[in-house]
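We will go from stop to stop, selecting as we go.

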Amino acid sequence: MEIRLLGPVALVDGGEPRSAGGRLRLAVLALLAHDLGQVVPVERFFDLVWGATPPPQAKAALQGHISALRRMLDGSSFTLSTQAPGYRLTGDPDAVDAHRFLARLDRATRTPDPAAAVRQLREALDLWHGAALGGLPETTLRRALADPLDAAHRRATDLLASLEARLAAADRPAPAPVADSRTVPRQLPRAAVGFVGRTIESLRLDDACGPGPERVGLAVVVGQAGVGKTTMVARWAESAAEQFPDGQLFVDLRGFDPAGPADPGEVLGRFLQALGLPDPHIPPSTAERAALFRQRTLESRLLVVLDNAHDAAAVRMLVPSGAGCATVVTSRNSLQELVVTEGATLLHLDVLTPADSRDLLARMIGADRLEAEPRAADRLAELCHHLPLALRIASARLAAHPGWAIADLVVELDDEHARLAVLDTQGTVSVRSALTLTCRQLPEDARRLLPLLALHPGSEISIPAAAALLDENGVVARRALGSLGQYHLLAETSPSRYSRHDLVRLFSEELASALPPAEVAAARDRLLDFYLCATARGAHLLTASQHLANPPLAHPPRALPRLDSAHHANTWFTDEEPTILSLIRSATAEGDHVRAWKLADNSCLLAEPVSCVNRLDHASAGLAAARRSGDDLAESRLSRAFGVASAAAGHTDDGLARLNRALELADALGSPQERLSCLDSLAVGRYYAGDFEQAAHTFRASLDVARDLADRPAEGRALLNLSYMLTLTGRGEEALTCSTRSLALLDDLTHTPSYAHALGNHGLALDACGRLEEAEAGLTRGHALAARYGHQRAVFRNAFELGRILLRHGRPADARRWLLVAQEANETLRLPVVDVITSLLAKAEQAEPAEQRG
């Protein structure tokens, strides 16, 4: 089975196109295939399929398309899996025509034999069946994906024509050479050995600086230190040199050198000398030299490479004026000013792909050595973060020690405390020195934030979290993160969220180790207090409970995330959950047990609508802190959180033991509010154990306590759960009375998971009373509300129950559709119901007419 992107998007089986559904489903397939092997975030699908205005049910629709594609790809070489924050398609790149085309084009551009290159280019061009990504919705992202592919097609076509002309000319006598009195500078540096990849970036440089009416003539190649900007540009310039018969100029502007940047006047003087101007004719002032350089290049076809520029000011006067000239700039700074003022083309150079990393290692240490230890080689590349500089240093160490196994070096690199030292040549070239040079150029706020980032355990950091570390407002934090992003020490992965790779993280830790301990401790406390405050706000939105474990904050946050709806709370927690869990564990390890258990208590309330497994992790970590704190209330709260999560995960005996322990502690404390929460949790645990009668009895007890406390939301939650137990035990009319009352009590909490579950339980009670149409409407509304606010458990449960009801009532096609939605939701929740869903789907498919499947 193959996927075609070079023309109308299609799924091809045995050489024949296979029906894959409408253009929206094809768009989902195309994005997965285009980003083969990478996790595609859900929002990226929305951008491609619907553009800037996805419909309210976009997520549910996407889940349906994913489920359908899984069935279509079953048995093929492709595997479609769910992986936060989206989906990932893996398989043989040769089974996707776009990847096969780019690989052949890359081989053709690196093949020294013109005849072999022509054959490879013809094979590559034969893969095309029209404009790339044809038949998809016309969105900005579709154009962004298709344009580089179409540009690659033009590049291949032009290269093929050039090579064919060269081969034809080889059969004709060469013309007599013509004397040329001009001075033609050839200053390009020698291209590095072992250059790999960068095909798309080279094609973009062709478009920006090569021949053609649409050329810009000015390109800026930016990226982190060590990513290979100079190497890539030097290799491209070497291949493009023939297009610039008046020569090629190159200068290292030393933008990040400790000794300071190159003087523009001196650079212009060297350029004028290289263009043949005698020293006496070169004017003394920088302004006069710049004017003369512009004049001398007005009619030229000249390539200028300005390497390692610090800022836009260092570039402007070194750009030649001729329409036939081109300038390529490299920098660790983003130099967006040149894009705005000069219309420059901006190319972000990222780290190498895993395949290109393996290719680089093979070229540096030998393919035989790589093939002998493929897993160790892949791990080596991961530890080097696929950064070309780090890979070359590691390769140099292996080359210098031919008796070493790759695995030996992997052991050294696996030690995070030694990794930067291992990636050091003991000379001027190292990852640490490259990062240090960049750090020296940072503004004060960014330079202060970089070491403090070592205290943040997440893969991404937000502006409010950075503000807590700095003890500043959001404006200062945004500016500091922006500066770190501008110098490619961080990457802005989504608006206001920044990520870093492991080598930068380790560098931050080295910097943090030099800070005063009191400064580090204060920053850590501020970070924990920020997350305590943010989780409390989010939990209030989801539960409307006034009984959260909020501490009197020692450090009230100066910036907070946007948490003004349940949807925002769920989205924020999904992004931040791994960070929060790490902070709970680290705070416990450092003895800050009070902050740790309170943060865990808040996060368990946030985790409940999102993931069963996450809640268990948070409760387990929090329970350890609660016990060490010696606070019985803390132990009670975290014991019931752990008990419910454990029972939900299928560990009912352990879960019930924890829940009974929590109730004992609550009674000993004499806290009616904690007793209410423990009874409610114990009833849930008994439900998970299958003891519905005892669960109903316990919910009645919690209902009595809620009424005594005049706690309207708690009364509503007890009634909605009691309604479900009564339905399960065959008392439909009584269940309907309870569910109707629960909806009335919760009518001002429609944004909470409780209300979505109440609608579902009401639907189940209606079905038990023989009112299918009303039941379907209630469950459908409950699912829609849950999907709207991101309550994943309620999404699953309402879809699952609706699927079961419709299957029982003889509507297998509708049942299968809802069961697939439940199956998709459970991939995140990981509830122990996989076999049940699979069995129900099989029954639905058997009962469904064959012509309605697919």
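In which sense do E13 and strand E14 pair, and over how many bridges? Select E13 and residues 497–499, which are E14: they pair in the antiparallel sense over 3 bridges. Two strands pair if DSSP finds at least two bridges between them. Strands here are DSSP runs (E, at least two residues), as are helices (H or I, at least four), and both are numbered from the N terminus.

Before moving on, note that this is a predicted model: local features need pLDDT of at least 70, side-chain atom pairs count only at pLDDT 80 or more, and totals for chains, interfaces and linings use all residues. Residues are numbered from 1 along each chain as its sequence is written, and side-chain values use heavy atoms, leaving out hydrogens and water.

**The sheet**

Stay with the hairpin. Glu492 has Tyr498 in E14 as its bridge partner. Two residues lie between the strands, and Ser496 takes a positive phi near 70°. The open sheet has 3 strands in the order E12-E14-E13, with antiparallel pairing. E12 (460–462) and E13 (491–494) stand at the edges with a single partner strand each, so one side of each has no neighbour in the sheet.

**A buried serine**

Select Ser430, in the loop between helix H18 (419–422) and helix H19 (431–439). Ser430 is buried, at 4% relative accessible area. Buried means under 20%, exposed over 50%, and partly exposed in between (1.4 Å probe, protein chains only). The side chain of Ser430 reaches the backbone nitrogen of Ser433 at 2.9 Å. Leaving aside neighbours within four places in sequence, the contacts of Ser430 (heavy atoms within 4.5 Å) include Leu389 and Asp424.

**Salt bridges**

The whole structure holds 45 salt bridges. Each is a side-chain nitrogen of Lys or Arg within 4 Å of a carboxyl oxygen of Asp or Glu.

- Select Asp414 and Arg379: their closest N and O atoms are 2.8 Å apart. Asp414 sits in helix H17 (residues 406–414) and Arg379 in helix H15 (residues 374–383), 35 residues apart.
- Select Asp445 and Arg479, with closest N and O atoms 3.1 Å apart. Asp445 is in helix H20 (residues 444–452) and Arg479 in helix H22 (residues 474–486).
- Select Asp767 and Arg808, which meet at 2.3 Å, N to O. Asp767 lies in helix H34 and Arg808 in helix H36, so the pair ties together parts 41 residues apart in sequence.

Is each end of that last pair buried or exposed? Asp767 is buried at 12%, whereas Arg808 is exposed at 54%.

Notes. A polar contact is a pair of N or O atoms within 3.5 Å; within protein, one must be able to donate a hydrogen and the other to accept it, and residues adjacent in sequence count only if both atoms are side-chain atoms.
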